[in-house]
Amino acid sequence: MSIIEARGLSKSFMQAVKEPGLAGAVKHLFIPKHIEKIAVQPLNLSVEAGETVAYVGPNGAGKSTTIKMLTGILMPSAGSISVNGINPYKKRMENAAQIGAVFGQRTQLWWDIPIVESFSLLKDIYQIPEPVYKANLDQFTELLGMNEFIHLSARKLSLGQRMRADLAAALLHNPPILYLDEPTIGLDVSVKQKIREFIKKINQEQQTTVMLTTHDLGDIEDLCKRLIIIDHGSIIYDGSLSEVKSRFARNRVIFFQVGVPMPELYNLLSQTPGMKLDRQNEQEFSVSFDRYEYTASEVVSRVMKHGEVIDFRMEDANIEQVIKAVYDGNLDLNQKGE
Amino acid sequence: MTLSRMFYLYKRLYIQQLKAILEYNKDFYILMCSAALTQVLGFVFLWVIYDRIPDINGWQFWEVTFMYAMIFLTEGMGSLFFEGTWRLGRLVNQGELDRYLLRPVPVVLQVFCTGIGINGLGNLLIGGVIIWQSLVHSHIQWSFAKVVILILLLLTAVIIRVSINLAGNSAAFWIRNAGNAFPLMVHNLADLAKYPVTLFPQAVRVFISTVLPYAFISFYPATYIFGKSGWSGWWMLAPVVAAGSAAAAYGIFRYGLSKYESTGN
Ligand SMILES: Nc1ncnc2c1ncn2[C@@H]1O[C@H](COP(=O)(O)OP(=O)(O)OP(=O)(O)O)[C@@H](O)[C@H]1O
Ligand SMILES: [Mg+2]
């Protein structure tokens with residue numbers, strides 16, 4: 001059985017409908033109106049031990065709601081969940097002991113207490129054996145560069161520092177399962193990199209199962225082998241990331257630098273169907289093309305026929321465009337590939 | 001989870017909270033003194049009344065004072081050790097309960113340790129002093145059993161008080177963004193139990209003995225301590241009432257928790 005297993009899992013919220021203004025508020029007081037908002041439609045999910053899964057979707061798709069049900073915060077409206085054989089809602093404490101969770105929007109740390117003391121509190125809460133605690137603390141401090149702020153209280157930390165502390169806090173007890181809800185939100189490139197490296201290392205060394213939501217597609221490409229896309233509460237794609245890339249990241253881009261400008265080539269290219277020319281300046285331009293229609297070598301040889309190419313480089317398939325097309329409703333990933 | 005582990009975790013969380021509060025709360029003394037002053041004023045008020053009417057429904061000054069002080073004392077214990085119940089509204093509405101639900105620690109326990117009402121120390125001290133004074137001034141035949149029972153009644157009084165606070169504040173799970181109005185109202189009804197229940201109509205007596213059993217904090221213990229015949233035996237229900245209140249409050253809290261929806265972000 002999979003380590004995370006959800007069947008027919010759904011969640012709906014009652015949302016109050018108030019007309020604007022004071023009159024609306026008063027009216028709501030006497031005749032409260034609610035609508036049922038279905039945040040997560042009945043969905044099935046299985047994650048294997050040691051997997052790294054990206055759970056993505058546009059704003060309001062139901063990602064956080066799913067994670068909150070899996071972590072035992074929210075009671076599902078319907079369906080069943082089993083995490084390592086435990087029902088996270090019914091056996092909340094048992095489940096809590098075996099998972100780590102980071103919600104990027106909100107810290108799990110004690111606001112007024114120095115980070116080290118928060119950690120030592122967690123040691124008692126999770127009953128972490130001293131040697132394990134010490135080893136983890138040393139390793140995490142080093143890997144996440146926490147030395148400079150570990151003695152400050154959470155309220156004094158910058159966002160990036162806080163996020164690192166939160167990540168360490170979630171992993172001190174070596175949980176076999178780690179949930180990350182937007183762990184890199186608002187972070188600079190270097191901190192993002194640190195966090196990604198860290199998660200990768202934990203996953204590789206301890207076979208920690210990682211489920212991650214993010215809007216930063218770099219996180220996905222760096223960390224995850226599997227991609228699940230949810231939209232309007234339903235899963236619309238579940239499969240390997242590389243497959244999405246090879247099947248749907250059809251656009252390739254090649255950048256050229258040439259010795260002399262080649263006006264006739266530019267003309268020719270912009271008239272060729274399936275190719276798109278983008279000129280940076282007189283001697284630099286890029287050609288994007290559908291790789292189902294042309295091969296890269298075809299494109300390159302076509303350009304070389306017209307003159308001397310000083311340099312060229314090819315850009316890799318870009319997941320970002322694929323995801324964007326899916327969100328915009330322009331691409332159905334479940335369609336059969338050509 | 002064993003009881004001793006829960007005590008241990010409570011202690012750990014409480015001490016951390018205390019450290020943080022001592023560091024940030026510079027108005028510590030002001031809070032404490034103002035609480036103490038409020039209670040002293042209440043006491044003076046009683047004294048002024050009894051100066052004119054030395055006996056209310058067969059109850060002497062120090063006997064009523066005892067009841068009065070039991071209400072302070074339990075309030076003090078409540079704010080000092082269980083103040084967090086009053087933060088439940090915020091925890092629910094801001095979605096901060098998420099954090100508690102992620103830890104392998106009973107949620108109630110974490111709620112209790114969410115805050116410390118340092119002003120409770122003032123109530124506790126004044127309440128303690130007044131209880132002591134009222135016991136000294138009322139010629140009581142002390143025995144070992146009586147001391148033990150007094151302590152037991154103090155304990156059940158605290159349990160009842162905290163249970164009612166928890167139950168009242170659990171309203172936050174149903175009434176969103178409502179502030180503390182409802183639990184405050186419930187809390188303030190304790191004022192009724194500062195006086196002998198015999199002053200009130202039957203309905204009120206029954207109400208503060210059953211639905212909100214504040215009378216078991218003050219009145220029934222007083223009938224035992226001061227040997228009020230006519231009520232003898234009723235105090236023995238105190239442990240039952242305490243257990244019942246605790247169970248009911250916990251049940252309401254758990255049921256409320258199942259309604260918890262976190263927040264959208
Ligand atoms: N506590 C709540 N009460 C009412 N509605 C909620 C609540 N939490 C979420 N929702 C609704 O459920 C839907 C899904 O929300 P959710 O937070 O799961 O989205 P998300 O995929 O995490 O989005 P984002 O990328 O913006 O974080 C939204 O329409 C939201 O309005
Ligand atoms: Mg979210």
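## Strand pairing and how the model is described

Two strands are said to pair if DSSP finds at least two bridges between them, and the helices (H or I, at least four residues) and strands (E, at least two) named below are DSSP runs, numbered from the N terminus. In this sense Gln257(A) stands opposite Glu284(A) in E12(A).

This is a predicted model, in which local features need pLDDT of at least 70 and side-chain atom pairs count only at pLDDT 80 or more, while totals for chains, interfaces and linings use all residues. Residues are numbered from 1 along each chain as its sequence is written, chains are lettered from A and ligands numbered from 1 in the order in which they are written, and side-chain values use heavy atoms, with hydrogens and water left out.

## The four-stranded sheet of chain A

The pair Gln257(A) and Glu284(A) belongs to the antiparallel pairing of strand E10 (residues 251-258) of chain A with strand E12 (residues 284-290) of chain A, which are joined by seven bridges. These strands are part of an open sheet of four strands in chain A, with the order E11-E12-E10-E13 and antiparallel pairing. Its edge strands, each pairing on one side only, are strand E11 (275-281) and strand E13 (309-315) of chain A. On average, neighbouring strands of this sheet are turned by 20° against each other, direction ignored.

Helix H11 (residues 296-305) of chain A packs on this sheet and touches E10, E11, E12 and E13 of chain A, its direction making about 25° with that of E10(A). Contact here means heavy atoms within 4.5 Å, and the angles, which run from 0 to 180 degrees between N-to-C directions, rest on axes that are lines fitted to C-alpha atoms, for helices over the stretch in contact.

## The three-stranded sheet of chain A

Another open sheet of chain A has three strands in the order E2-E1-E4, with antiparallel pairing; E2 and E4 of chain A are the edge strands, since each pairs on one side only. The twist from one strand to the next averages 30°. Helix H2 (residues 63-71) of chain A packs on the sheet, where it touches E1, E2 and E4 of chain A, and its direction makes about 120° with that of E1(A).

Strand E1 (residues 4-16) of chain A pairs with strand E2 (residues 34-47) of chain A over 10 bridges in the antiparallel sense, and in E2(A) the bridge partner of Ala6(A) is Leu45(A). E1(A) also pairs with strand E4 (residues 78-83) of chain A, again in the antiparallel sense, over five bridges. In E4(A), Val83(A) is the bridge partner of Ile4(A), and Ser82(A) is that of Glu5(A).

Strand E8 (residues 226-231) of chain A and strand E9 (residues 234-240) of chain A pair in the antiparallel sense over six bridges, with Asp238(A) in E9(A) as the bridge partner of Ile228(A). E8(A) and E9(A) form a hairpin with two residues between them, and His232(A) in the turn has a positive phi of about 45°.

Over all chains, a search of the whole structure finds 21 salt bridges, each being a side-chain nitrogen of Lys or Arg within 4 Å of a carboxyl oxygen of Asp or Glu. One of them joins the side chains of Arg196(A) and Asp222(A) (3.9 Å, N to O). Because Arg196(A) lies in helix H7 (residues 189-206) of chain A and Asp222(A) in helix H8 (residues 217-223) of chain A, the pair ties together parts that are 26 residues apart in sequence.

## Where chain B meets chain A

The contact between the chains takes 29 residues from chain B and 34 residues from chain A. The area buried between them is about 2,800 Å², of which carbon and sulfur atoms give 53%; buried area is the accessible area (1.4 Å probe) that two parts lose on being put together, summed over both. In chain B, Leu102(B), Arg103(B) and Pro104(B) lose the most area to chain A, together 24% of what that side buries.

Between chain B and chain A the count is four salt bridges. Arg12(B) forms a salt bridge with Asp124(A), the closest N and O atoms being 2.5 Å apart. Helix H1 (3-24), helix H5 (97-101) and helix H12 (238-258) of chain B are the elements that give two or more residues to the side of chain B that touches chain A, and H1(B) gives the most, with nine residues.
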